[in-house]
Amino acid sequence: MGEDPLGRPMTVPVLVKKGEQPGPVLGVVAAIHGNELNGIAVLHRLFQELDTTALQGTLVGVPGLNPPGLLLHQRAFFDGQDLNRLFPGRPDGNEGQQWAHAIAERLLPHFDLLIDLHTASFGRENTFYVRADMQDSLLAVLAAAFQPDLILHSEGAPSAGGTGRTLRAQATENGIPTLTLELGNPQIFQPEMVRRGLEGLRRVLIHLDMLSGENPAETASIPVCRRSFWLYTDRGGWLEVLPELGERVRAGAPIAHLRNAFGDVIQTYTAPEAGIVIGRSSNPAAAAGARILHLGVF
Ligand SMILES: [Zn+2]
């Protein structure tokens, strides 16, 4: 993928399970953000448990797309750039641009479908949810197969900031149906999130006829958000976010208190419209402009 200052190759780990029967190639990649780890544990478990005699097609896993970020316990690449805002990258660009270009040129062409595993960023926590273009009938079915807390319809533009494409947007541009699965919180292996991710991927493989088996009928309808946005503080202080993950809030409901250095409540924030809490801040230290919560709207 690149070379370090000592001329040593910089690599990513790749797991391949080639089924005995022909079929599609499903790529599942994790940790393009180097502090988003639950997907790595999902891939380890999936590849240990999967029987190639039962598999039709090929499963390719990349449990760690951003090794420098993994070492640094950080979202960004070692040059400080967010790789998931740099696609398609540049072969003659800077460090992150060349890495993104290598992902686009050396990994993506192998895949017929792609699932990109993420978590919340530092200082935040997420529900178990899928981002996908729900106008795509295949992706709509696969998104539901994860039985997520909610589905966020989006066509793949970055959720906040950045001018380049996400990996999902790039893969989609290349004609590869792609969805993003968000599993919980950063810099931790969460057993429940890993279990849900693993079971969801098994159901996806069954839906794609890559594994035989029966998909259970949907037990509950899954909320689908047509759009979402983050709410931010306008002052600094100590932040207390009130609703839980996945909680539905009505328009005008209080969602957070902000206290000053002496403990007095200086601001109470309310929901500008009704929605569902997709993610929320877990970091009480808030400067003006700190994220409060990620609200999904139906
Ligand atoms: Zn991420």
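How many salt bridges does the structure hold? The count is 14, where a salt bridge is a side-chain nitrogen of Lys or Arg within 4 Å of a carboxyl oxygen of Asp or Glu. The model is predicted, so local features need pLDDT of at least 70 and side-chain atom pairs count only at pLDDT 80 or more, whereas totals for chains, interfaces and linings use all residues. Residues are numbered from 1 along each chain as its sequence is written, and side-chain values use heavy atoms, with hydrogens and water left out.

The zinc ion is coordinated by ND1 of H33, two OE contacts from E36 and ND1 of H118, at 2.0 to 2.6 Å. Donors here are N, O and S atoms within 2.8 Å of the metal (3.2 Å for Na, K and Ca); water is not among the atoms, so sites may look incomplete. The 4 donor atoms subtend angles of 55 to 151° around the zinc ion, which makes the arrangement irregular. For reference, four donors count as tetrahedral if all angles lie between 85 and 135 degrees; four count as square planar and six as octahedral if opposite donors are over 155 degrees apart and all others between 65 and 115; anything else is irregular. Along the sequence, the donor residues follow the spacing H-x2-E-x81-H. The two histidines link distant parts of the chain: H33 sits in the loop between strand 4 (21–30) and helix 1 (38–49), while H118 belongs to strand 6 (residues 113–118), 85 residues apart. Helices (H or I, at least four residues) and strands (E, at least two) are DSSP runs, numbered from the N terminus.

What about the surroundings of these donors? Both H33 and H118 are buried, a label given under 20% relative accessible area, with exposed meaning over 50% and partly exposed in between (1.4 Å probe, protein chains only). E36 lies in the loop between strand 4 and helix 1 and is buried, with a relative accessible area of 1%. The side chain of E36 also makes a polar contact with that of R75 (3.5 Å); such a contact is a pair of N or O atoms within 3.5 Å, where within protein one must be able to donate a hydrogen and the other to accept it, and residues adjacent in sequence count only if both atoms are side-chain atoms.

Other salt bridges occur elsewhere in the model. In helix 1, E49 and R45 lie 4 residues apart, about one turn of the helix, and their closest N and O atoms are 3.4 Å apart in a salt bridge. E49 counts as partly exposed at 40% relative accessibility, and R45 is partly exposed as well, at 36%. D92 and R90 form another salt bridge, with closest N and O atoms 3.3 Å apart; D92 counts as exposed at 56%, whereas R90 is partly exposed at 43%. A further salt bridge joins the side chains of R196 and D149 (3.0 Å, N to O). R196 lies in helix 6 and D149 in the loop between helix 4 (137–145) and strand 9 (150–153), so this pair ties together parts that are 47 residues apart in sequence. R196 is buried, with a relative accessible area of 18%, while D149 counts as partly exposed at 30%.

Buried residues in helix 6 include M193, V194, L198, L201 and V204. D209, with a positive phi near 60°, follows the helix.

Turning to the sheets, two strands pair if DSSP finds at least two bridges between them. An open sheet of 8 strands has the order 3-5-4-6-10-8-9-11, with mixed pairing; strand 3 (15–18) and strand 11 (224–225) are its edges, each pairing on one side only. Within it, strand 8 (residues 128–132) and strand 10 (residues 178–183) pair in the antiparallel sense over 4 bridges, and Y129 stands opposite E182 in strand 10. An open sheet of 4 strands, ordered 16-15-13-18, has antiparallel pairing.
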